[in-house]
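Dear colleague,

My findings follow directly after it.

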Amino acid sequence: MAKKINSLEDLGGFVFSTNKDFEFSNNEEQAKTLPNSEQRLEAHLDKKNRGGKVATVIKGFQGNDDDLKTLAKSLKTLCGVGGAAKNGEIIVQGNFRDKIMDYLIKEGYKVKRVGG
């Protein structure tokens with residue numbers, strides 16, 4: 001039985017066109033990463049949806065995903081723990097907020113401590 005298509009999203013971003021003169025252009029631009037001195041980051045501690053375990057969350061990074069992942073890797077290496085970089089946030093396992101804030105300030109970022 002054929003799969004039912006309810007919307008254009010079911011096509012996986014593929015769209016059919018009968019226009020012979022149609023030219024595809026990818027208007028999505030890669031977000032430019034601001035210099036470190038212009039970044040305004042927030043350092044949070046979070047326990048929600050983590051089984052009671054604490055994680056340090058860095059929010060407010062403005063730039064492309066590659067630069068976000070590079071910064072996340074350097075923070076995880078600094079602390080010697082795991083974590084993730086997704087949705088413009090860096091999540092580092094454990095309570096390393098002060099250590100991460102010191103590192104980010106030395107790298108030229110403006111960091112604000114948020115929460116207790």
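This is a predicted model: local features need pLDDT of at least 70, side-chain atom pairs count only at pLDDT 80 or more; totals for chains, interfaces and linings use all residues.

Asn 49 is exposed, since its relative accessible area is 83%, and exposure begins over 50%. Although it is not a glycine, Asn 49 has a positive phi of about 55°.

With a relative accessibility of 75%, Asn 87 counts as exposed.

Strand 3 and strand 4 pair in the antiparallel sense, over four bridges. The two strands form a hairpin with two residues between them, and it is in this hairpin that Asn 87 takes its positive phi. Lys 86 stands opposite Glu 89 of strand 4.

Side chains of opposite charge can pair when their charged atoms come close. How many salt bridges does a search of the whole structure find? The search finds three.

In one of them, Glu 89 is joined to Lys 59, with the closest N and O atoms 4.0 Å apart. This pair links distant parts of the chain: Glu 89 belongs to strand 4 (residues 89-93) and Lys 59 to strand 2 (residues 55-59), 30 residues apart. Glu 89 is partly exposed, at a relative accessible area of 25%, and Lys 59 likewise counts as partly exposed, at 30%.

Another salt bridge is formed by the side chains of Arg 113 and Asp 98, at 2.6 Å from N to O. Here too the pair links distant parts of the chain, with Arg 113 in strand 5 (residues 110-113) and Asp 98 in helix 2 (residues 97-106), 15 residues apart. Arg 113 has a relative accessibility of 41% and therefore counts as partly exposed. Asp 98, at 44%, is also partly exposed.

The remaining salt bridge brings together the side chains of Arg 50 and Asp 46, with an N to O distance of 2.9 Å. Arg 50 is partly exposed, its relative accessible area being 29%.

Two packed helices are described by the angle between their axes and the distance between the axes. For helix 1 (residues 65-79) and helix 2, the angle is about 130° and the axes are 10 Å apart. The crossing of helix 1 and helix 2 is right-handed. On the side of helix 1, the contact is made by Leu 71, Ser 74, Leu 75, Leu 78 and Cys 79. Helix 2 contributes Lys 99, Ile 100, Tyr 103 and Leu 104 to this contact.

Yours sincerely

Technical notes: Residues are numbered from 1 along each chain as its sequence is written. Side-chain values use heavy atoms; hydrogens and water are left out. Buried means under 20% relative accessible area, exposed over 50%, partly exposed in between (1.4 Å probe, protein chains only). Two strands pair if DSSP finds at least two bridges between them. Axes are lines fitted to C-alpha atoms, for helices over the stretch in contact, and angles run from 0 to 180 degrees between N-to-C directions. A crossing is left-handed if the near helix is turned anticlockwise from the far one by less than a right angle, and right-handed if clockwise. Contact means heavy atoms within 4.5 Å.
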